[in-house]
Amino acid sequence: MTHVSDLLAIALGGSIGAVIRYLITLAVVSAPLSGWLTLHGSVGTTLANLLGCFALGGIYQFTEIWLQSESLAGTDWFASSWGVFWTHPRTLMAIRIGALGSLTTFSTLIGETAIFASQGRMLASSVLLGTNVVVGWCLFWAAAAVVRNLSS
């Protein structure tokens, strides 16, 4: 059964992720070359999705390392408390489901690719979809590798 505190954690994370996503889109649209970027709206979505994939990969690897390694918990109170906080199930729900769930969006991506396809811009549609999926997948594993290397 879901606890109210779980829902509140997800809602808090979701509000943070949604605001970050909006700020990314505003930054892209107001960039000096935004008129030149005919895909400016989808560039913001892509940046948010790729940032979310990278963050999720890093969090995934950090959690795996932390939970598998007793040496990280050690005797250092600060490091131990920090790791326990960031790997707590409620914190992970707030970050993964809330913040990263609202930062990234598959439905907006599909909507933007559909718009390009309906305009006959199949190359733009394909590049947008491919970039989000393939580069997002690569960034997830790149972040995991960075965290894994930093911890060794």
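**Reading surface, contacts and rings**

Guide: Cys 138 has a relative accessible area of 45% and is therefore partly exposed (buried is under 20%, exposed over 50%, partly exposed in between, with a 1.4 Å probe and protein chains only). This is a predicted model, in which local features need pLDDT of at least 70 and side-chain atom pairs pLDDT 80 or more, while totals for chains, interfaces and linings use all residues. Residues are numbered from 1 along each chain as its sequence is written, and side-chain values use heavy atoms, with hydrogens and water left out.

Visitor: How many disulfides does a search of the whole structure find?

Guide: A disulfide is a covalent bond between the sulfur atoms of two cysteines. The test is a pair of cysteine sulfur atoms within 2.5 Å, and the search of the whole structure finds zero. Cys 53, at 23% relative accessibility, counts as partly exposed.

Visitor: Is Asn 49 buried or exposed, and which residues does Asn 49 touch?

Guide: Asn 49 belongs to helix 2, residues 40-68 (helices are DSSP runs of H or I with at least four residues, and strands runs of E with at least two, numbered from the N terminus). Its relative accessibility is 7%, so Asn 49 counts as buried. Contact means heavy atoms within 4.5 Å; setting aside residues up to four places away in sequence, Asn 49 touches Thr 104, Thr 105, Leu 109 and Asn 132.

Visitor: Which residues is Trp 86 in contact with, leaving aside neighbours within four places in sequence?

Guide: They are Phe 62, Thr 91, Leu 92 and Ile 95. Trp 86 lies in helix 4, residues 77-87, and is partly exposed at 33% relative accessibility. Its C-alpha atom is separated by 7.9 Å from that of Thr 63, 23 residues apart along the chain.

Visitor: How many aromatic pairs are counted?

Guide: Rings of Phe, Tyr and Trp (its six-membered ring) pair if their centres lie within 6.5 Å; planes under 30 degrees apart are stacked, over 60 edge-to-face, and the rest tilted. The count comes to five aromatic pairs. Tyr 60 and Trp 141 form an edge-to-face pair, 5.9 Å centre to centre with 85° between the planes. Tyr 60 is in helix 2 and Trp 141 in helix 7, so this pair ties together parts that are 81 residues apart in sequence. Trp 137 and Trp 141 are also edge-to-face, because their ring centres are 5.7 Å apart and their planes stand at 75°.

Visitor: Which residues form one aromatic cluster?

Guide: Tyr 60, Trp 137, Phe 140 and Trp 141 do. Of these, Trp 137 is exposed at 57% relative accessible area, whereas Tyr 60, at 32%, is partly exposed.
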